[in-house]
Amino acid sequence: MAIEIERKFLVTGDGWRAAAHEVVPMAQGYLNDLAAMDTGAMKASVRVRIAGDAAHLNLKSRELGHTRQEFEYPIPAADARALLALSVGGLVDKRRYLVKVGGHLWEVDEFLGDNAGLVVAEIELADAHESFQRPDWLGVEVTDESRYYNLALASHPFSQWSAQQRAGAAAP
């Protein structure tokens, strides 16, 4: 079974841009929505992603927090485009910047479209208690806040958040 241990943070400033060694454009959509997950009708999100020239189908268990089951499979780009047309909610468009810091790879996502203005950084760890170097552009941790999950951003994009939500206050 594939286990993902991932922590997510808001980003402050632009210091990460100069350190990025690769930028990958991404478009992704979900074949189920946040409501299906919240009610328990579905126990995993089903995502289709086109990242650069590669396409994947991804299933991720619905646990909140840093540790979840994750399964990812490469699919033909034509299939991914057809599946994106079947997506529930909006598409999530973003640029992913890859930044190495202290032996770890950070993925900094700069969201576009309806989620423009939101920038988050994620780090995958081998162990939930693994230590890592915090770059100076790293802001508050939002790992346990589901509104920052891409599935939630597809259903309720950043552009629809209240000023209080955008300022980082707890979700209503």
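**Calls and cut-offs in a predicted model**

The chain of this predicted model averages a pLDDT (the predictor's confidence in each residue, from 0 to 100) of 91, and 97% of the residues score at least 70. Residues are numbered from 1 along each chain as its sequence is written. Local features need pLDDT of at least 70, side-chain atom pairs count only at pLDDT 80 or more, totals for chains, interfaces and linings use all residues, and side-chain values use heavy atoms, without hydrogens and water.

Reader: Which elements have the lowest and the highest mean pLDDT?

Author: Helix H2 (residues 34-38) has the lowest, 76. Strand E7 (residues 104-111) has the highest, 98. Helices (H or I, at least four residues) and strands (E, at least two) are DSSP runs, numbered from the N terminus. Where pLDDT is low, the predicted coordinates should not be read in detail.

Reader: Why are strands E2 and E6 called paired?

Author: Two strands pair if DSSP finds at least two bridges between them. Strand E2 (residues 20-30) and strand E6 (residues 88-101) have 9, so they pair. They run antiparallel. E2 is also joined to strand E3 (residues 44-51), by 5 bridges, again antiparallel. Met 26 stands opposite Lys 94 in E6 and opposite Ala 51 in E3.

Reader: Why is Asp 109 called buried?

Author: Buried means under 20% relative accessible area, exposed over 50%, partly exposed in between (1.4 Å probe, protein chains only). Asp 109 has 0%, so it is buried. Its place is in strand E7.

Reader: What makes the pair Asp 109 and Lys 94 a polar contact?

Author: A polar contact is a pair of N or O atoms within 3.5 Å; within protein, one must be able to donate a hydrogen and the other to accept it, and residues adjacent in sequence count only if both atoms are side-chain atoms. The side chains of Asp 109 and Lys 94 make one at 2.9 Å. Beyond four places in sequence, Asp 109 is in contact (heavy atoms within 4.5 Å) with residues including Lys 94, Arg 95 and Leu 118.

Reader: How many cavities of 30 Å³ or more does the structure hold?

Author: It holds 1. A cavity is a set of points, on a 1 Å grid over the protein atoms alone, where a 1.4 Å probe fits but cannot get out; lining residues have an atom within 4 Å of a point. Among the residues lining the largest cavity are Gly 90, Leu 91 and Asp 114. E6 and helix H4 (150-155) each supply at least two lining residues.

Methods
On a 1 Å grid over the protein atoms alone, a cavity is a set of points where a 1.4 Å probe fits but cannot get out, and a pocket is an open set with protein on both sides within 12 Å along at least five of seven lines; lining residues have an atom within 4 Å of a point. Grid points are joined across faces, edges and corners, and a volume is the space filled by probe spheres set on the points.
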